[in-house]
Amino acid sequence: MPGEILKKRREDLSQDLKDIAHILKIRYDYLKAIEDYTFNKLPSEIYAKGYIREYAKFLKLDPAPLVKLYLEKTTPIIPARNASPPRRTSNMKYILIPVALCLGLIVFFSVTSTEKTKKTLAKNTSQTAAKKSQNNGTKNITNTNEQKTSTEKNFASAKNTKKEYDLQILVLDTTWLSINIDDTNKKEMLLKQGERLRFHANQTFSLRIGNAGGVTLVLDGKNLGSPGAKDEVISLNLPQDNLSAFNIY
C-alpha cells in the first residue's frame with residue numbers, strides 16, 4: 001500500500017506527521033488517511049493523487065509508483081463479458097442470396113435511369129443559363145461584384161466580433177486548481193504561493209478551485225479578486241458567471 005511505504009519512510013526520517021502537514025499546507029487528517037488507507041476521508045481522487053505526490057516529494061521518494069499503486073488498489077476491476085456463442089448456420093442464406101441479387105439489379109437500373117435524367121436536366125439548364133448570361137452579361141457582373149463586396153463585409157464583421165478571453169491567476173496560498181479551456185483542454189495542478197499563471201480561451205474557462213481564498217483572478221485586465229473564502233472549494237465558469245458576486249479589491 002502507498003500509505004505504508006510513506007509512513008515507514010517518515011518514521012525512518014523521524015518526521016512528525018503534524019509538522020509535515022503544516023509545511024505542505026495539507027490537513028493532518030488527510031495525510032493520516034493516506035497512511036491508514038482510508039481514502040474515503042479524502043475530498044476526491046484528484047486531491048488524493050495530489051496529496052500523495054506532495055507527501056512523497058517531501059520524503060524524497062518517487063511519487064509516480066506510489067500514485068500508480070494507489071490507482072491499482074482503488075480502481076474497480078470490471079470482469080470481461082463471456083464471448084457470444086457461435087451462431088448456427090441457417091439455410092436462410094440460400095434464400096436471401098437470390099433475393100439480394102434481384103434487389104441489387106433493381107437498384108442498379110433505377111440509379112442508371114436516374115443519372116440519365118439528371119444529365120438531361122443539367123444539359124437543358126446549362127443551355128438556358130448560357131442564353132441568359134449572353135443577354136444580361138453586364139448585369140450579372142455587377143451583381144457578382146456586389147455579392148462579393150457584401151460577403152467580404154460580413155466576413156470582416158464576423159472576424160472583428162470574435163472575442164478571445166485572457167485569464168490571469170495570482171496565487172496567494174497553496175491550492176488545487178482544475179481548469180478546462182473551451183471544454184477541450186483540461187489541466188489539473190497544485191499551485192504554490194507566489195505563482196502567476198495565464199490562460200487564453202475563445203469561449204469559456206471552467207474552474208474548480210480547492211482554496212478559493214488562496215487565489216486572485218484577473219479577467220481581461222479586470223481584477224475580480226478572490227472568488228471565495230480560505231479552504232472553500234468552488235466551481236465557476238468565466239466569463240459566464242456573475243462577476244458582481246466576487247470580492248473585488
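**Exercise 1.** Which residue in β7 is the bridge partner of L217?

*Solution.* The model is predicted: local features need pLDDT of at least 70, side-chain atom pairs count only at pLDDT 80 or more, and totals for chains, interfaces and linings use all residues. Residues are numbered from 1 along each chain as its sequence is written, and side-chain values use heavy atoms, without hydrogens and water. Begin with the strands (DSSP runs of E, at least two residues, numbered from the N terminus). Strand β6 (residues 215–219) pairs with β7 in the antiparallel sense over three bridges; pairing requires that DSSP finds at least two bridges between two strands. The partner of L217 in β7 is G225.

**Exercise 2.** Determine which strands stand at the edges of the open sheet.

*Solution.* Write down the order of the four strands, β4-β1-β6-β7, with antiparallel pairing. β4 (196–201) and β7 (222–225) each have a single partner strand, so one side of each lacks a neighbour in the sheet.

**Exercise 3.** Identify the buried residues of helix α3 and the elements against which they pack.

*Solution.* Helices are DSSP runs of H or I of at least four residues. In α3 (residues 28–36), the buried residues are Y30, L31, A33, I34 and E35, where buried means under 20% relative accessible area with a 1.4 Å probe, protein chains only. These buried residues pack against α1 (2–12), α2 (17–24) and α4, contact meaning heavy atoms within 4.5 Å. After α3 comes Y37, with a positive phi near 60 degrees.

Note on methods: Buried means under 20% relative accessible area, exposed over 50%, partly exposed in between (1.4 Å probe, protein chains only).
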